Amino acid sequence: MVLNLNKNLKLYYSISEVAKMFNMNESALRYWEQEFPTLKPKTTGAGKVRQYSEKDIEQIRVIHNLVKVRGFKLAAAKKILNANRNGVDKTAEVLQRLIDIRDELTLMKKQLEGTFV
């Protein structure tokens, strides 16, 4: 049996961890939960501690792309999500892949510049 080292071992993330991932306030995440019914993180106890799954984080990534990156108002983002959910998901996925590639290329450039100095 081979151990998969690339697999993310964490099942749930706290609201502060998720807020840091997207460089936003925790209050904005709580507000988005009210505005977007598909965004429902698991809660513990009396509903005070939120636990975000990978699925929740992907939902936030899509909303973040529409609202923060592309500049849509919340009402417009809701309409877009309702009208073309698959297209929006695919666009967010492609955007994230491009950001990852850019970051990797930037790192490679820095490493190459370090070897020629």
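In which helix does M108 lie? Select M108 and you will find that the residue lies in helix α5; helices here are DSSP runs of H or I of at least four residues, numbered from the N terminus.

The model is predicted, so local features need pLDDT of at least 70 and side-chain atom pairs count only at pLDDT 80 or more, while totals for chains, interfaces and linings use all residues. Residues are numbered from 1 along each chain as its sequence is written, and side-chain values use heavy atoms, with hydrogens and water left out.

**Stop 1**

M108 has 41% relative accessibility and so counts as partly exposed; buried means under 20%, exposed over 50%, and partly exposed in between, with a 1.4 Å probe and protein chains only.

**Stop 2: the pocket**

Now select M21, F22, R61, H64, N65, V69, L95, Q96 and I99, which line the largest pocket. The elements giving two or more residues to this lining are α3 (54-69) and α5 (85-115), and α3 gives the most, with 4 residues. The volume of the pocket is about 150 Å³. On a 1 Å grid over the protein atoms alone, a pocket is an open set of points where a 1.4 Å probe fits, with protein on both sides within 12 Å along at least five of seven lines; lining residues have an atom within 4 Å of a point.

Two of the lining residues, R61 and Q96, are 35 residues apart along the chain, yet their C-alpha atoms are separated by 8.6 Å.

**Stop 3: salt bridges**

Next select R30 and E26, another salt bridge, with the closest N and O atoms 3.9 Å apart. R30 and E26 are 4 residues apart in helix α2, so about one helical turn separates them. The whole structure holds 7 salt bridges.

**Stop 4: a loop**

Finally, select N23, in the loop between α1 (15-21) and α2 (26-35). Phi of N23 is near 55°, a positive value in a residue other than glycine. N23 is exposed, with a relative accessible area of 74%.

Key:
Grid points are joined across faces, edges and corners, and a volume is the space filled by probe spheres set on the points. A salt bridge is a side-chain nitrogen of Lys or Arg within 4 Å of a carboxyl oxygen of Asp or Glu.
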